[in-house]
Every structure is written in structure tokens, then in C-alpha cells.
Amino acid sequence: MMARINPLFEFPSAVSNTLPAEVYLVDDNFVVTLDMPGMDPEFIDVEVSKNTLTVSAQRDTAGERPEDARVFFVERPSGSFRRKFVIGNDLDISETTSSYTNGVLTLTIPVAASSRPRKIPIATSQNGE
């Protein structure tokens, strides 16, 4: 893990609607949080393919108002949302957990045991042997 300080990098996305994110390391876990207010968890998809983590979602705010409503302006984004991150080999993606609370999706990705710092014991000998 020393050679790669941050094993989680953002991957450029062609989708215009982005999901604001924060990534941080706590203990031996990388934590990714994405703001997804108003999203139905049924329409949120988290997928890992090779070394890419993709979070995508769908939201249609137009369906929330009456058909005959006269709309003056819309600031709430709707449509498809996607965010991609490149995942380094130092992470154990198979142990990833997720939660969705108050419009925030949280993914916790542990650092692989083989990449965690460990103390190496020093062998000593008796009588100069």
C-alpha cells in the first residue's frame, strides 16, 4: 500500500448528471459517500467490473407533480446519474458494504489484508548463535 497512496481514483464519466462524492480512509477502510437525495434505493445500482466501481441511479422528478401543473422553473435534477471510480488491487472489493441513509449512499471498501501494514518480528539468538 505504500506505493499507491490512494487506490481509488475517479474515472471520467460521459454522463452529465454527476453524483457529488467524498472519499476518505478510516482505519483499514476506504469510504465513498455519494449525495443522492430523493433517490429510491430500488433505482440505485452499484457494480464492480474488473477494476471499475460504477454507481448509477435513475430519478424522474416530473412524475412527482400533477400532469396539468404549470411549471415555472426546475432546479431538481432528474434522469440518469452515474459515477465511476477505478479501484486498485489494494482493496478487497468482495467485502464491500453499502448503506443508504438520508439521501446519502455510503460504500465501505476494506483494504486487502495483504496490503495492510504489519509488524515483522525480529528473531534473536542466544549466545551469539
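Here are some questions and answers about this predicted model.

It is a predicted model, where local features need pLDDT of at least 70, side-chain atom pairs count only at pLDDT 80 or more, and totals for chains, interfaces and linings use all residues. Residues are numbered from 1 along each chain as its sequence is written, and side-chain values use heavy atoms, with hydrogens and water left out.

Q: How many helices and strands does the chain have?
A: Both kinds are DSSP runs, numbered from the N terminus: helices are H or I with at least four residues, strands are E with at least two. Along the sequence the pattern reads β-β-β-β-β-β-β-β. The count comes to zero helices and eight strands.

Q: In what order do the four strands of the open sheet lie?
A: Strands pair if DSSP finds at least two bridges between them. The pairing here is antiparallel, and β2 (21-26) and β7 (97-101) are the edge strands, each pairing on one side only. The order is β2-β3-β8-β7.

Q: Which residue in β3 does E22 stand opposite?
A: β2 pairs with β3 (residues 29-35) in the antiparallel sense, over six bridges. In β3, the residue opposite E22 is T33.

Q: What percentage of the chain's residues count as buried?
A: Buried means under 20% relative accessible area, with a 1.4 Å probe and protein chains only. The chain has 129 residues. The buried share is 28%.

Q: Among contacts between residues at least 6 apart in sequence, what percentage join residues at least 24 apart?
A: A contact here means heavy atoms within 4.5 Å. For the chain, the value is 59%.

Notes: Buried means under 20% relative accessible area, exposed over 50%, partly exposed in between (1.4 Å probe, protein chains only).
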